[in-house]
Amino acid sequence: MVSLSATDIMTDDDAKKNVEPKNRDCYFPDEFKLEMHNKYSQSACILECSIAYAQNKILEKNNKTCIPWNFPVWKDSAISICDPWSAVTFNTWFENVPNTKCLHCLTDCTKTSYSSLVSVYVHETRLSHRLT
């Protein structure tokens, strides 16, 4: 049996009006502008931050930047697709972004948290055969 449950976590709208994001440690979906995504989420912010970090590292190394074919791109961007060697380098930088680079990506003030429970029942059947 599989069981899923969802919990909505929301910060009061009064907090949005009266408390700065840095003090409440979260952003509402319409409160922080992202380049590739229409609405803010911490995971989208970290994705964009990590891509920008990797692109800057590629730029420092090659004097030009690129993005692997399987990554999203900025709106109206004319960036080139990485060759296979640059893509490997890009992925290495993308996967190793220092913790201090994306501190501006605060948690979501509104989110849904999911939990799951899986239970298994093993029914043992014994068959007996009589050989004569």
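A polar contact is a pair of N or O atoms within 3.5 Å; within protein, one of the two must be able to donate a hydrogen and the other to accept it. One thing to know before going on: the model you are looking at is predicted.

Arg 24 sits in helix 2, which covers residues 21–24. With a relative accessible area of 14%, Arg 24 is buried, because buried means under 20%. Who does its side chain meet? One partner is the side chain of Glu 31, with a polar contact of 2.7 Å. That pairing is also a salt bridge, and its closest N and O atoms are 2.7 Å apart. Side chains of opposite charge can pair when their charged atoms come close. Glu 31 itself counts as partly exposed, at 27% relative accessibility. Arg 24 has something else close by: a polar atom of its side chain lies 2.9 Å from the backbone oxygen of Cys 26.

**A second salt bridge**

How many salt bridges does a search of the whole structure find? It finds 2. Besides Arg 24 with Glu 31, there is Glu 60 with Lys 57, where the closest N and O atoms are 3.7 Å apart. Glu 60 and Lys 57 are 3 residues apart in helix 3, so about one helical turn separates them. Glu 60 is exposed, with a relative accessible area of 57%, while Lys 57 counts as partly exposed at 21%.

**The chain as a whole**

The protein chain has 4 helices and 6 strands, and along the sequence they follow the pattern β-α-α-β-α-β-β-α-β-β. Of its 132 residues, 27% count as buried. The accessible surface comes to about 10,200 Å², and carbon and sulfur atoms account for 53% of that. If you take the contacts between residues at least 6 apart in sequence, 59% of them join residues at least 24 apart.

**Rings that pair up**

| Ring pair | Centres apart | Angle between planes | Kind |
|---|---|---|---|
| Tyr 53 and Trp 93 | 6.1 Å | 75° | edge-to-face |
| Phe 71 and Phe 90 | 5.1 Å | 70° | edge-to-face |

Tyr 53 is buried, with a relative accessible area of 12%, whereas Trp 93 is partly exposed at 30%.

The rings of Phe 71 and Phe 90 make an edge-to-face pair, because their planes are at 70° and over 60 degrees counts as edge-to-face. This pair also links distant parts of the chain, with Phe 71 in the loop between strand 3 (66–67) and strand 4 (80–81), and Phe 90 in helix 4, 19 residues apart. Are these two buried or exposed? Both Phe 71 and Phe 90 are buried.

Elsewhere, ring pairs link Tyr 27, Phe 32 and Tyr 40 into a cluster.

**A patch on the surface**

Last stop: three valines. Val 118, Val 120 and Val 122 form a nonpolar patch on the surface, and together they have about 340 Å² of accessible area. Val 120 lies in the segment after strand 6 (110–118). Val 120 counts as exposed, because its relative accessibility is 70%.

Terms used:
Residues are numbered from 1 along each chain as its sequence is written. This is a predicted model: local features need pLDDT of at least 70, side-chain atom pairs count only at pLDDT 80 or more; totals for chains, interfaces and linings use all residues. Side-chain values use heavy atoms; hydrogens and water are left out. Patches are made of residues with over 30% relative accessible area and no salt bridge: like charges are joined within 9 Å, nonpolar side chains (Val, Leu, Ile, Met, Phe, Trp, Tyr) within 5 Å. Accessible areas come from the Shrake-Rupley method with a 1.4 Å probe; for residues, only the protein chains shown count as cover. A salt bridge is a side-chain nitrogen of Lys or Arg within 4 Å of a carboxyl oxygen of Asp or Glu. Helices (H or I, at least four residues) and strands (E, at least two) are DSSP runs, numbered from the N terminus. Buried means under 20% relative accessible area, exposed over 50%, partly exposed in between (1.4 Å probe, protein chains only). Contact means heavy atoms within 4.5 Å. Rings of Phe, Tyr and Trp (its six-membered ring) pair if their centres lie within 6.5 Å; planes under 30 degrees apart count as stacked, over 60 as edge-to-face and the rest as tilted.
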